[in-house]
Structure formats: structure tokens, C-alpha cells
Amino acid sequence: MTHRRRRGLVATALGTGFLIAGVAVAAPASAATPTVSCTSAKAALATKLKTDITAALANRKGTIAVGLYDRSTKTTCTLRSTTHYDSASTVKVTVLATLLWDAKKHNRYLTTTEQTLAKAMITKSDNDATTKLWKQLGLTKIKGFLSAAGMTQTTPGANGYWGLTQIDVHDEQRLLALVTAKNTVLSDNSRAYILKLMGQVISSQRWGTPYGAPSGVSVHVKNGWLQRATHGWRVHSLGTFTGGGHDYQMTVLTQDNSTMSYGINTIQAVAKVVHKDLAAS
């Protein structure tokens, strides 16, 4: 099944009247607009990032959520960290992490077939490969990994619709933290494998959070994109970055975009100032 055909099937099957908790509920008109919040061991850096991310989003339409964490300067920035979005293909990192977590529990290596599917799923965002791994794992194992990972606000998509998994910035940043630092959930080999594949994503899918990353910085990325009858295009980007004295991860989730390109440009406006400010700190 092609990328486009599957996307169309998801939209058609669900239709315009299907509401997913936390996604299709509009905020009250009186609610204050969420603002970027940053903290850092370097106070000036927090102030700079808050100012620059806010400015980057000032004229962008859509519902945008941002997460940033830099271990080196203990810097955290958030915007709409608990707003839920359809995951689209960003869930593929969770699928791979679940596969590796489960294999570790059973003290086994991935099979050749699993390795082939995993590589296609991450590096080319292959939907058929993802569907096979999703079915193989089943919701019980996926939910088991989410619980072990502390990703308590993530809800797997029902009826095989993995792209409609509900995610938020908080949980995606939690996942990236597990992928990039030693922990008891994912083995060192598992983490290295995930980063290896995220570092081999094909060039046409390396947009988003890597935009503006300084030369010499190692980039690992997984993006997602999905158009539906409500909330237009969802366009998301997960990225981890090491080098230049920094070790950071960034999540930008967007919806209500008029086109996929518009969403990409919004993400890249954020990424550009984040990389610039961290490189200068």
C-alpha cells in the first residue's frame, strides 16, 4: 500500500465526524494563549531561546508544540507540552523501541526479517513495514513499553491505525531522552541501533528539526506527516543532536497546517533559532 493510499484510507475511514480525545476539542475563546517557557543553568540562554522561539512562531498559523532539552546546559524549553496530536510516522520510533525492549526481555537478538523491517520503517518511513511490526507486537507489548518508558500520556492507535496514536511533546521528549542516555528501559545496544537508523534517514526526509544544525553536529531524525479532514496537515519532527559541546533533543509537533510544506517551514523556523542559540552559548 502506498504512503498516499494508506493516508487516504485513514482519513476516509474516520471521516470528519470522528473525534479523538484531546485532538478535536477547541480551547475556550477566553483561554490564554500558551507561551514558550524556558529554564537553563545559563539564565541568559533561557531568555534568548524564549525570545527567539516566540519570534519564530509569531506569524505562523497552526497549533504548534515544542520541546527542547540540552543536557550540556541543563536547558529545557516547552510550548503546549501536553497537547495531543495524531502521531503520524513519528510513532515509528516507539515501535522500534518496543521491538528492542521486548527482545531484551526475552534475551534475544532481532531476526533478519525484523532488522529489514526496522530499517525500512525508520530510514524510508515505510508504512507496510510498520504495519507488520505493529501487528507482530500487538497492543499489549506496545502499552507495556509505554508504561516502562513513563510515556503515560501516549495512547496507541486502535484497529491497526498506528498513525493515529495520540502523542504529546512531553512523552516524545521522554522517549528521546531514553534513546540518548543510559537507562534501564533500553539497552546500550538498543539505543545505538535506534540512533544508527535515525542517522540513516533518506535525504528527502531529513527536513524539520535538523534544519540549521551546525556542521560537525551529529543529526538523528524521524519525521511524520498526515493530512485529515479535520485539523488539516499534521507535520511533526523528532531530532537528537550531539557535538559542539552540546547534547540535545528537540520535538516539534504541528497541526492545522494548510499544506505539508507550511508545517515543515514552521518546524524549521523553530529549529534554526534553537541550533543558533545553543551553538552560541
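Is threonine 240 buried or exposed? Threonine 240 is buried, at a relative accessible area of 3%. Here buried means under 20% relative accessible area, exposed over 50%, and partly exposed in between (1.4 Å probe, protein chains only). The model is predicted: local features need pLDDT of at least 70, side-chain atom pairs count only at pLDDT 80 or more, and totals for chains, interfaces and linings use all residues. Residues are numbered from 1 along each chain as its sequence is written, and side-chain values use heavy atoms, with hydrogens and water left out.

Threonine 240 belongs to strand E7 (residues 233-243). Helices (H or I, at least four residues) and strands (E, at least two) are DSSP runs, numbered from the N terminus. Leaving aside residues up to four places away in sequence, threonine 240 touches Leu176, Thr180, Leu195, Ser218, Val219, His220, Tyr248 and Gln249. Contact means heavy atoms within 4.5 Å.

A search of the whole structure returns one disulfide, defined as a pair of cysteine sulfur atoms within 2.5 Å. Cysteine 38 and cysteine 77 form this link, with an S to S distance of 2.1 Å. The pair ties together distant parts of the chain, 39 residues apart: cysteine 38 sits in strand E1 (residues 37-39) and cysteine 77 in strand E3 (residues 75-79). The link is right-handed, with 115° about the S-S bond. Cysteine 38 is buried at 15% relative accessibility. Cysteine 77 is also buried, at 1%.

Helix H2 (residues 43-57) packs against helix H8 (residues 260-280). Their axes come within 9 Å and cross at roughly 160°. Axes are lines fitted to C-alpha atoms, for helices over the stretch in contact, and angles run from 0 to 180 degrees between N-to-C directions. H2 and H8 are therefore roughly antiparallel, the term for angles over 145 degrees. From H2, Leu45, Lys48, Leu49, Asp52, Ile53, Ala56 and Leu57 take part. They meet Thr266, Ala269, Val270, Val273, Val274, Asp277 and Leu278 in H8. The contact residues comprise ten nonpolar, one polar and three charged. Ala, Val, Leu, Ile, Met, Phe, Trp, Tyr, Cys and Pro count as nonpolar, Asp, Glu, Lys and Arg as charged, and the others, Gly among them, as polar.

Most residues other than glycine have a negative phi. Lysine 74 has a positive phi, near 50°. Lysine 74 lies in the loop between strand E2 (63-70) and E3, and is exposed at 57%. Asparagine 159 also has a positive phi, near 55°. Its loop runs between helix H5 (127-149) and strand E5 (166-167). Asparagine 159 is exposed, at 74% relative accessibility.

Terms used. Parallel < 35°, antiparallel > 145°, perpendicular 65-115°, else oblique.
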